[in-house]
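Please open the structure in your viewer and keep the selection panel at hand.

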Amino acid sequence: MQTFPVARIDLAALKHNLQQVRHYAPESQVMAVIKANAYGHGVFEVARALEESDAFAVARLSEGLLLRRNGIGKPIVILEGVSDLNELELAAKHKLSPVIHHQHHLELFSQIATSDKMSFCWLMVETGMHRLGIAAEQVEQALSVLARSQVIDGPIGLMSHFANADSIGDVRNESQLTVMLQLAEQTGLEVCMANSAALISLSQSQQQWVRPGLMLYGVSPFDDKCGEALGLKPAMQLVSSLIAVYALKAGDEVGYGGTWRASKDQRVGVVSIGYGDGYSRHLSAKGHVIIHGIKLPVIGRVSMDTICIDLSACPDAAVGDEVVLWGHERLPVEQVAQQIGTIAYEPLSVLAERVRREYHYG
Ligand SMILES: *Cc1c(COP(=O)(O)O)cnc(C)c1O
């Protein structure tokens, strides 16, 4: 009997979702974003399942190095770039592509003296988000500096990121895109701009490269839709099991703080999952689980390792029964995220290491 939480990952769903990306953006190459342990899904298995993408992107140099050490040979973009010359040399040595997003990167690319070459390079342009990127007016000058860099061997592409892609029809998306397309015309360089939300809802943003993350995992970037409505298959189901079932008398309190009190004699179950696994404490007295296909409420506070469930609607529930925490058609992770007051990116990417990932195909 399995009594610990498990994230079941469907590798066939990942492949299906990559096909859906190609269906939405048939003319574009796909840079699959697998940062933060592939949004919690396990980066090595995901990288293998998505081997038909054209490149990968991660946030940090350490993530890129880990992929190289595990035999992943595809182009890998480091979205946060590097911080000093040592890191740039390390990136070059391992054929990683740190994004150039700040003036100080131009100096590093001028200073570097190495025989290693980088043939897949991206310049991040600031078009309205004001996070990372070189100002649009400075792009020409940046390109002329980079043209003299010893390490760059191949064309540079232009990257930018939408601040409001999940807000469909928002004029700010159009204006960011306009800045980018003008630069592309001036320079003749390739463009990589669209994340999941943009590539679905703003097809002009697709260009030569798209850069999806969330949709590859079968999850919707829009707060009024689930992945399935977009033709995606959720790749993760989070399950655990009932480790205790007991009877309460009316008036008994449950959990830390005694915040929940039985109004009648009833049965309660304890599930092995808690905030120490990444199951948010904000789901206290708010979340739901599925047992035997029945949706049941979380009662009292979420503890580090356990939650308590009101079993009134499921009289057959017994110790050892499977409990679905998310990734069920009646309990998608998008819905769980909404109950926490966040977006699905967060519960997925903070899923703890102690939650075992199990992989299956279809
Ligand atoms: C995370 C990230 C993405 C992927 O975005 P999704 O919304 O998950 O598709 C793309 N580009 C950048 C710069 C990112 O940081």
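Select the ligand first, together with its surroundings in this predicted model. The ligand is surrounded by 13 residues; the closest are Lys35, Tyr39, Ser196, Leu214 and Tyr345.

Next, display Ser196 with its side chain. One of the polar side-chain atoms of Ser196 lies 2.5 Å from an oxygen atom of the ligand. Then select Arg211. An N or O atom in the side chain of Arg211 lies 2.9 Å from a nitrogen atom of the ligand.

How much of the ligand's exposed area does the protein bury? Taken alone, the ligand exposes 390 Å², and the protein buries 92% of that.

The chain has 11 helices and 19 strands. Along the principal axes, the C-alpha trace spans about 75 × 40 × 40 Å.

With the chain still selected, display contacts between residues at least 6 apart in sequence: 64% of them join residues at least 24 apart.

The protein chain exposes about 15,700 Å², of which carbon and sulfur atoms supply 49%. Of the chain's 362 residues, 53% count as buried.

Finally, colour the charged side chains. There are 30 positive and 39 negative side chains in the protein chain, and the centres of the two sets are 5 Å apart.

Terms used
Residues numbered from 1 in each chain as written. Predicted model: local features only at pLDDT ≥ 70, side-chain atom pairs only at ≥ 80, totals over all residues. Heavy atoms only, no water. Helix = DSSP H or I, 4+ residues; strand = E, 2+ residues; numbered from the N terminus. Buried < 20%, exposed > 50% of the residue type's maximum accessible area, 1.4 Å probe, protein only. Contact = heavy atoms within 4.5 Å. Areas by Shrake-Rupley, 256 points an atom, 1.4 Å probe, with all protein chains shown as cover. Lys, Arg positive; Asp, Glu negative; His and termini not counted. Charge placed at Lys NZ, Arg CZ, Asp CG, Glu CD. Near = heavy atom within 4 Å. Polar contact = N/O pair within 3.5 Å; in protein donor to acceptor, adjacent residues only side chain to side chain.
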